[in-house]
Amino acid sequence: MESAGTPETDPSPAAAGRRPDRAGLLVAGGVLAACTGLVLYGVLNGDEDSAPARHRTPTASVTYEVTGTGTADLTFQARSESGTATVVRGARLPWHRTVEVPVGRDPLISIVLGEDGGTAHCALAVRGHHVQSATASGNFGRATCSGSLPAPEGPKQG
């Protein structure tokens, strides 16, 4: 009969010794601490300010509004790196849209009525402030509302 407690036959952790268990725990703890540190670094430094510098064009909020009845073709300036205008063919009136326009590009909306004519009125607001309005009427009537963008809003001093 084998005696209890001999290292060759006793699979209990006490017989195996404590040193390998502690070393494994220390390694696992170190790996866990490193992973936690990397996750926290990513969370704390994940804001856009630490992202690689990208060319960001400042913009201003512009609201275009066209009232009337029927349809009209509309062309307006919105955020576009190439500076191309956005065209809406056969827009149902009344119509409105608020977009971001790059500073340096003047906001503009152009109305072209169809063959059946009618009346349509455009209005333009920059950052919530009315800038201009105009009216198109008659067959293929046209109107344009435009404005200029103020300097980018910065931190208020006071």
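1. Quick ground rule before the cysteines: a disulfide here is a pair of cysteine sulfur atoms within 2.5 Å. In general terms, a disulfide is a covalent bond between the sulfur atoms of two cysteines. With that cut-off, Cys122 and Cys145 form a disulfide, with their sulfur atoms 2.0 Å apart. A search of the whole structure turns up 1 disulfide.

2. Keep in mind that you're looking at a predicted model, where local features need pLDDT of at least 70, side-chain atom pairs count only at pLDDT 80 or more, and totals for chains, interfaces and linings use all residues. Numbering starts from 1 along each chain as its sequence is written, and side-chain values use heavy atoms, with hydrogens and water left out.

3. Back to that bond. The S-S torsion of Cys122 and Cys145 is about 90°, so the disulfide is right-handed. Cys122 sits in strand 6 and Cys145 in strand 8, so the pair ties together parts that are 23 residues apart in sequence. (Strands are DSSP runs of E, at least two residues, numbered from the N terminus.)

4. Are the two cysteines buried or exposed? Buried means under 20% relative accessible area, exposed over 50%, and partly exposed in between, using a 1.4 Å probe and protein chains only. Cys122 comes out at 0% relative accessibility, so Cys122 counts as buried. Cys145 is buried too, with a relative accessible area of 0%.

5. Now the sheet that holds strand 8. This is an open sheet of 4 strands in the order 3-2-5-8, with antiparallel pairing (two strands pair if DSSP finds at least two bridges between them). Its edge strands are strand 3 (86-92) and strand 8 (142-146), each pairing on one side only. On average, neighbouring strands of this sheet are turned by 15° against each other, direction ignored; the axes are lines fitted to C-alpha atoms, and angles run from 0 to 180 degrees between N-to-C directions.

6. Which strand does strand 8 pair with? Strand 5 (residues 108-113) is joined to strand 8 in the antiparallel sense over 5 bridges. Val112 stands opposite Arg142 in strand 8.

7. Thr67 stands opposite His121 in strand 6.
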